[in-house]
Amino acid sequence: DENLTLKLDTSVVTTDIPKPIVALTTTAYVKMTYLIHNCNKELAWHGTVSKINNNYLIEDILVYPQTVTSTTVDSDDDKYPLWCMNLSDEVINKLRFQGHSHVNMGTSPSGRDTDNWKKFLNILKEDEFYIFCIGNKKGEYYWTIYDNAINVMFENKDITWIVVDEAGNNIVDWTKEQIDTHIVESKVSTFGNACTYYGITDKGREAIH
């Protein structure tokens, strides 16, 4: 939804251009993470993206036909065009993200990666952008943004990436707020108890009912 207003902090700058933020919806983040962790070969995916106030919202993840090995991934030249033809024009116009897994290796782009990126960049129009990401099973990610509209390339250190809920709130900020608001460390210590029960108190259960 391009009308979504992201609640993002853009106060950090590396040049005269504000440091961009790549925000992933929880759906996009979970899909991307599960793809990486459930495949022992390299694999790749596309994503639909909206640009909002010079930041980028990755809304959903789509896996396209491909052939993979432990160290390479290539789109299937026969099936990929057919896959694209089955997408709506709206989705095609938003396919501005390509990511892939390095499995257990580091996330720095290889020469093969950058050569592959050039193929996407060669078809970009003057006002378009494209985002690339490499992830691994350790939870490490390397981000790159090419934005022709402002004629800038942002690399990993120049990019902040976050996960947001449906209201556009940063999940990390939400987590901290919930812990600070609702979690109180017990000052009562129990010893000699083989099992400790963590649950809702009787009073809490009564409140729910």
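Me: How many helices and strands does the protein have?
Reply: The protein has six helices and ten strands. Both are DSSP runs numbered from the N terminus, helices being H or I with at least four residues and strands E with at least two. The model is predicted: local features need pLDDT of at least 70, side-chain atom pairs count only at pLDDT 80 or more, and totals for chains, interfaces and linings use all residues. Residues are numbered from 1 along each chain as its sequence is written, and side-chain values use heavy atoms, with hydrogens and water left out.

Me: Why is N53 called exposed?
Reply: A residue is buried under 20% relative accessible area, exposed over 50% and partly exposed in between (1.4 Å probe, protein chains only). N53 has 63% relative accessibility, so N53 counts as exposed. N53 sits in the loop between strand 2 and strand 3. Its phi is near 55°, a positive value in a residue other than glycine.

Me: What makes V103 buried or exposed?
Reply: The relative accessibility of V103 is 7%, so V103 counts as buried. Phi of V103 is likewise positive in a residue other than glycine, near 55°. The loop that holds V103 runs between strand 6 (95-101) and helix 4 (111-121). For the protein as a whole, buried residues make up 37% of the 209 residues.

Me: What makes the largest nonpolar core a core, and which residues have the most contacts inside it?
Reply: The term covers buried Ala, Val, Leu, Ile, Met, Phe, Trp, Tyr and Cys residues joined through side-chain atoms within 4.5 Å. The largest such set has 20 residues, and V22, M32, I58, F97, I131 and W143 have the most contacts inside it. At least two residues of this core come from each of strand 1 (21-25), helix 1 (26-37), strand 2 (44-52), strand 3 (55-62), strand 7 (129-135) and strand 8 (141-147). Another core lies apart from it, with eight residues, including A44, Y64, W83 and L95.

Me: Which residues is M32 in contact with, leaving aside its neighbours within four places in sequence?
Reply: Contact means heavy atoms within 4.5 Å. With those neighbours left aside, the partners of M32 are L24, W45, I61, F97, Y141 and W143. Across the protein, residues 24 or more positions apart account for 63% of the contacts with a separation of 6 or more.

Me: How do you know that I134 is buried, and which residues is it in contact with?
Reply: I134 has 0% relative accessibility, so I134 counts as buried. I134 belongs to strand 7. Leaving aside neighbours within four places in sequence, its contacts include H100, T107, P109, W117 and Y142. I134 and P109 are 25 residues apart in sequence, with 7.3 Å from C-alpha to C-alpha.

Me: Why is the pair K94 and E59 called a salt bridge?
Reply: A salt bridge requires a side-chain nitrogen of Lys or Arg within 4 Å of a carboxyl oxygen of Asp or Glu. The closest N and O atoms of K94 and E59 are 3.2 Å apart, so the pair meets that limit. K94 lies in helix 3 (residues 89-94) and E59 in strand 3, so the bridge ties together parts that are 35 residues apart in sequence. Both K94 and E59 are buried. The structure holds eight salt bridges.

Me: What makes R112 and D74 a salt bridge, and how far apart are they in the chain?
Reply: Their side chains meet at 2.9 Å, N to O. R112 is in helix 4 and D74 in strand 5, 38 residues apart, and the pair links distant parts of the chain. R112 has a relative accessible area of 44% and is therefore partly exposed. D74, at 34%, also counts as partly exposed.

Me: How do you know that D115 forms a salt bridge with K118?
Reply: Their closest N and O atoms are 4.0 Å apart. D115 and K118 are three residues apart in helix 4, which means a separation of about one helical turn. D115 has 45% relative accessibility and counts as partly exposed, and K118 counts as partly exposed at 48%.

Me: What makes the largest pocket a pocket, and what is its volume?
Reply: On a 1 Å grid over the protein atoms alone, points where a 1.4 Å probe fits form a cavity if the probe cannot get out, whereas a pocket is an open set with protein on both sides within 12 Å along at least five of seven lines; lining residues have an atom within 4 Å of a point. The largest pocket has a volume of about 750 Å³, a volume being the space filled by probe spheres set on the points, which are joined across faces, edges and corners. Of its 30 lining residues, H46, Y80, N116, K119 and F120 are the closest to the centre. Helix 4 supplies the largest share of the lining, six residues.
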